[in-house]
Amino acid sequence: MVVSGGAPVIEARGLTKRYRGGQLAVDGLDLVVPEGSVFGFLGPNGSGKTTTIRMLLGLVEPTAGAARLLGRPMPRAARAVLPQVGALIEGPAQYGFLSGRDNLVRFDATDPTADPRTRAARVEAALGRVGLGAAADKRAKAYSLGMKQRLGIAAALLRPRRLLVLDEPTNGLDPQGMREIRTLVRELAAEGTTVFLSSHLLDEIEQVCTHAAVMARGRLLAQGPVAELSGPARGRLAVTTPDAADAARVLAEHGVTGVEAGEGRVSGDLPAGDPAADPADLNAALVRAGVRVRAFGVERGTLEDAFVALTGEGFDVAG
Ligand SMILES: Nc1ncnc2c1ncn2[C@@H]1O[C@H](COP(=O)(O)OP(=O)(O)OP(=O)(O)O)[C@@H](O)[C@H]1O
């Protein structure tokens, strides 16, 4: 995965959308998506993700602000830029009575710039790309939801793309289907495609994305590399030991707070802001005191911790 220092693949400045009814769906959004990233656009239902994606792709006119895609202004440069961008918005549109392959043939034929002589090869490559080669002759209506989603992505990948935009690609999928999509996203990223995907599922973003932005009620709360967003967020120390009571005492003596001792396990909060509190020293202190340590680690904060810290509320994953 190459995250280069080049121009951002997506850049929004003060991007705002107020719908005619007066609803402020997106409010002054500043967004920077680095090339080569898998960028998670995270927010509860109704937080403005789809509206943002539509503005980025030039499908909805912003009320204020500006968006650039692949370094070019949108929607002005849409004709030059969009051929390099694959998008899957609001689920795949497919003909159930056609096979997966014939769906792609049909879709490819709607592209006036696609050479009919190389169509078959293009379609086979796209089917292989998403792992539908073996199921290519099945009718799409017999596909699982995950397969339908992959067929939709295959359609977006009939041409080489610099950027792939996926709006809630795992919505409604079972765990197996989600895994398939995650694997595909990772493979595409490894080949250098920047992937921008929206989701209301925190752990999904955490598992697949290098970068993320967090939206709530039309506003951007935070953005950056996932590791920076979720950690250090007050790492919690976790020690696995048969001597839990002794370990708890030693840790407390060394400034660890909120110590909890359970069966074979002790956890606690590292002394905040104390540069002398190196976890290695705590481990050494345990060993000196004769505590037998089976495992010793600092648990990173999760994106959910970060979200709760940002909003003061839980992440509503309903719907
Ligand atoms: N065409 C429209 N006209 C008026 N209001 C709209 C329109 N589309 C969306 N909205 C409103 O704008 C807000 C943001 O909606 P949007 O679909 O962008 O959010 P989202 O984060 O993508 O949510 P979801 O995951 O449910 O699609 C919501 O309150 C929604 O009701």
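This section describes the fold, the packing and the ligand surroundings of a predicted model.

The protein chain contains 11 helices and 14 strands. Along the principal axes, its C-alpha atoms fill a box of roughly 75 × 45 × 35 Å. Of the 319 residues in the chain, 41% are buried. Among contacts with a separation of 6 or more, 68% are between residues 24 or more positions apart.

The largest nonpolar core is made up of 70 residues. Within this core, the residues with the most contacts are L56, A154, V165, V185, V195, F196 and A212. When residues up to four places away in sequence are left out, V185 touches V38, V195, L197 and V208. Another core, of 13 residues, lies apart from the largest one and includes V250, L251, V256 and A261.

Strand 6 (residues 85–88) is covered on both faces. V85 and A87 lie on one side and G86 and L88 on the other, and these four residues are all buried. Strand 6 runs parallel to strand 7 (residues 163–167), and the two are joined by four bridges. In this pairing, G86 has L164 of strand 7 as its bridge partner.

A separate description applies to the open sheet formed by four strands in the order 12-13-11-14, in which the pairing is antiparallel. Strand 12 and strand 14 (295–299) each have a single partner strand and stand at the edges, so one side of each lacks a neighbour in the sheet. From one strand to the next, the twist averages 15°. Strand 11 and strand 14 run antiparallel and are joined by five bridges; V239 stands opposite F296 in strand 14. Helix 9 packs on the sheet, where it touches strand 11, strand 12 and strand 13. The direction of helix 9 makes about 175° with that of strand 12.

The buried residues of helix 9 (residues 244–253) are A247, A248, V250 and L251. Of these, V250 and L251 are also among the members of the 13-residue core. The cover over the buried residues of helix 9 includes strand 11 (236–240), strand 12 (257–262), strand 13 (265–269) and helix 10 (279–288). Helix 9 is followed by G255, which has a positive phi, near 90°.

The shell around the ligand comprises 13 residues, of which Y19, A25, K49, T50 and T51 come nearest. By class, two of the shell residues are nonpolar, 10 are polar and one is charged. Helix 1 (residues 49–56) gives the most to this shell, contributing three residues.

A135 is located in the loop between helix 4 (119–129) and helix 5 (145–156). A135 has 19 other C-beta atoms within 10 Å. A residue counts as buried at 20 or more such atoms and as exposed at 12 or fewer, so A135 is classed as partly exposed. With residues up to four places away in sequence not counted, A135 touches G100, Y143 and M147. The C-alpha atoms of A135 and D102 are separated by 12 Å, and the two residues are 33 residues apart along the chain.

Note on methods: Residues numbered from 1 in each chain as written. Predicted model: local features only at pLDDT ≥ 70, side-chain atom pairs only at ≥ 80, totals over all residues. Contact = placed C-beta atoms within 7 Å. Core = buried A, V, L, I, M, F, W, Y, C linked by C-beta atoms within 7 Å. Near = placed C-beta within 6 Å. Nonpolar A, V, L, I, M, F, W, Y, C, P; charged D, E, K, R; others polar. Pairing = 2+ DSSP bridges. Axes fitted to C-alpha atoms, helices over the stretch in contact; angles between N-to-C directions.
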